[in-house]
Amino acid sequence: MNWRCMFNGVALLLLGMLSPTAAAHYRVGWLPDPPYLAGAAMVPTGEDILRLQALLPAGSELHFVQWPLARQVRGLAEGGLDIALSLASIKPEAAWLSEPVRYAQYVLAIDPLQLERYQAVTDVGDVARQGMLLGTLQDSRLQQQANTLLDGTVLIHSLRDLDQLIRLLWLGRLNGLVLDRGLLEQEPRLKPLLHLITLPPVAVRWAFSRHTFSAEQMHEINQRARLLTQQGLASQERRHAGL
């Protein structure tokens, strides 16, 4: 089941939870890091944007601004930004942090020629014990949770250029790449890599300015977030079961 079908399936439930407040215009901060890739109009596209629209009142208008993380934090605190998709160090008094809207799945991929060397790696602890040097794209969510995701014992080299990461892997300068599972499966340049292990899931949360959203509105948003997350996890389980 794809996300568009899923959203159609829960649309009536979400509409039942919508507040009577008139549709609003929201300024949404983001960065062009995975999974937020710009479409033809230079605004982010994809499943997460559909999720965001499902959390907000019907007809809400979104104006996307590409701001550095520090400016997004300041905008949330001062009222110049309504929502931030790129996680940052958010003070509780500046913004609400939503419940998980989905769980990102990261995988560790290696050069197939290195399988014999790393075939004993089956979990995060093995990665640390092998002293593997890993590379990843500059994904603010992964970077901020890397210490938890990899127990703080694995060195991660972060770059914006996917081609450069791949080149460093082929040259043996990196021992593996940590990437979003969807990117690994969809990007042709990554097809030759071998999926070694799946890392623990990472909760994806968004920040909502307290200047814009009341506690009651956040309660509604979090209700919808829980519903979408439950539907998403059920869909993943069906895909893994081959249904």
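This is a predicted model: local features need pLDDT of at least 70, side-chain atom pairs count only at pLDDT 80 or more; totals for chains, interfaces and linings use all residues.

Trainee: What makes S8 and S11 a pair of strands?

Mentor: Two strands pair if there are at least two bridges between them. Strand S8 (residues 106-110) and S11 have four bridges, in the antiparallel sense, so they count as a pair.

Trainee: Where is Asn175, and why is it called buried?

Mentor: Asn175 sits in the loop between helix H7 (162-170) and strand S11 (176-180). Its relative accessible area is 15%. Buried means under 20%, so Asn175 is buried.

Trainee: How do you know that the side chains of Asn175 and Tyr118 make a polar contact?

Mentor: Their polar contact is 3.2 Å, and the limit is within 3.5 Å, so the pair qualifies. The side chain of Asn175 also reaches the backbone nitrogen of Leu133, at 2.7 Å. Leaving aside neighbours within four places in sequence, the contacts of Asn175 include Ile110, Gly131, Met132 and Leu169.

Trainee: What about Ser60: why is it called buried?

Mentor: Ser60 has 17% relative accessibility. That is under 20%, so Ser60 counts as buried. Ser60 belongs to the loop between helix H2 (47-55) and strand S4 (61-66). A polar atom of the Ser60 side chain lies 2.6 Å from the backbone oxygen of Pro57.

Trainee: Let us turn to charges. What makes Arg51 and Asp48 a salt bridge?

Mentor: Side chains of opposite charge can pair when their charged atoms come close. The closest N and O atoms of Arg51 and Asp48 are 2.4 Å apart. The cut-off is within 4 Å, so this is a salt bridge. Both residues lie in helix H2, three residues apart, about one turn of the helix.

Trainee: Are Arg51 and Asp48 buried or exposed?

Mentor: Arg51 has 3% relative accessibility and Asp48 has 6%. Buried means under 20%, so both are buried.

Trainee: Why are Arg181 and Glu185 called partly exposed?

Mentor: Arg181 has a relative accessible area of 23%, and Glu185 has 46%. Buried is under 20% and exposed is over 50%, so these two fall in between. They form a salt bridge, with the closest N and O atoms 3.7 Å apart. Both lie in helix H8 (residues 181-186), four residues apart.

Trainee: How do you know that Arg224 and Glu220 meet in a salt bridge?

Mentor: The N to O distance is 3.0 Å, and the limit is within 4 Å, so the pair meets the criterion. Arg224 and Glu220 are four residues apart in helix H9 (residues 215-240), which means that about one helical turn separates them. Arg224 counts as buried, at 1% relative accessibility. Elsewhere, salt bridges that share partners join Glu47, Asp48, Arg51 and Arg102 into one network.

Trainee: How many salt bridges are there in the whole structure?

Mentor: The search finds 10 salt bridges.

Notes. Residues are numbered from 1 along each chain as its sequence is written. Side-chain values use heavy atoms; hydrogens and water are left out. Helices (H or I, at least four residues) and strands (E, at least two) are DSSP runs, numbered from the N terminus. Buried means under 20% relative accessible area, exposed over 50%, partly exposed in between (1.4 Å probe, protein chains only). A polar contact is a pair of N or O atoms within 3.5 Å; within protein, one must be able to donate a hydrogen and the other to accept it, and residues adjacent in sequence count only if both atoms are side-chain atoms. Contact means heavy atoms within 4.5 Å. A salt bridge is a side-chain nitrogen of Lys or Arg within 4 Å of a carboxyl oxygen of Asp or Glu.
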